[in-house]
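I opened the model this morning and went through it from the whole chain down to a single side chain. My notes are below, in the order I looked things up.

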Amino acid sequence: MIPFTDEELIAPVKNVIEKVRPSLALDGGDIVFIAVKNSKVYIQLKGACIGCASSGTTLKYGVERQIKIDIHPELTVVNVPIGMENSLEDL
């Protein structure tokens, strides 16, 4: 069980995103924080990351791994496709 509320996770998650952003930018990509709901971090990969065959690996072993190391090992990261941001309200 994660000992933090979703609201408490927002600032640390944003810090981790800023930490990994330069790595993505090296390849023309970017990442945007969308929300934390039920201990799941919702982000959106942008730029060259869209449609890239390695984007799943980047998400799992780059972004999610860093969040698990820096914040809590039970957190997961979900990429929200462009245009689907409003669907999070239904969760």
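**Ground rules.** I'm working with a predicted model, where local features need pLDDT of at least 70, side-chain atom pairs count only at pLDDT 80 or more, and totals for chains, interfaces and linings use all residues. Numbering starts from 1 along each chain as its sequence is written, and side-chain values use heavy atoms, with hydrogens and water left out.

**Overall fold.** I found two helices and three strands, taken as DSSP runs numbered from the N terminus (helices are H or I, at least four residues; strands are E, at least two). From the N terminus on, the order reads α-β-β-α-β. The radius of gyration is 12 Å, close to the 12 Å from the globule rule for 91 residues, so the protein is as compact as a globular protein of that length. That radius is taken over C-alpha atoms, and the rule is 2.2 Å times the number of residues to the power 0.38. I also noted that the C-alpha trace spans about 35 × 30 × 20 Å along its principal axes.

**Burial.** I get 35% of the 91 residues as buried, where buried is under 20% relative accessible area, exposed is over 50%, and partly exposed is in between (1.4 Å probe, protein chains only). Of the contacts with a separation of 6 or more, 57% are between residues 24 or more positions apart; contact means heavy atoms within 4.5 Å.

**Helix 2.** This one runs over residues 55–70, and its 16 residues reach 21 Å from first C-alpha to last, close to the 22 Å expected. The expected span is 1.5 Å times one less than the number of residues. I saw a kink of about 30°, centred on Glu-64; the bend is the angle between axes fitted to the seven residues ending there and the seven starting there. Glu-64 is also on the buried list, along with Ser-55, Leu-59, Val-63, Gln-66 and Ile-67. Their cover includes helix 1 (6–25) and strands 1 (29–37), 2 (40–47) and 3 (76–79).

**Lys-46.** Is this side chain's residue buried or partly exposed? Lys-46, in strand 2, is partly exposed at a relative accessible area of 30%. Beyond neighbours within four places in sequence, Lys-46 touches Gly-29, Asp-30 and Val-32. Its side chain makes a polar contact of 3.4 Å with that of Gln-44, meaning a pair of N or O atoms within 3.5 Å, where one must be able to donate a hydrogen and the other to accept it, and residues adjacent in sequence count only if both atoms are side-chain atoms.
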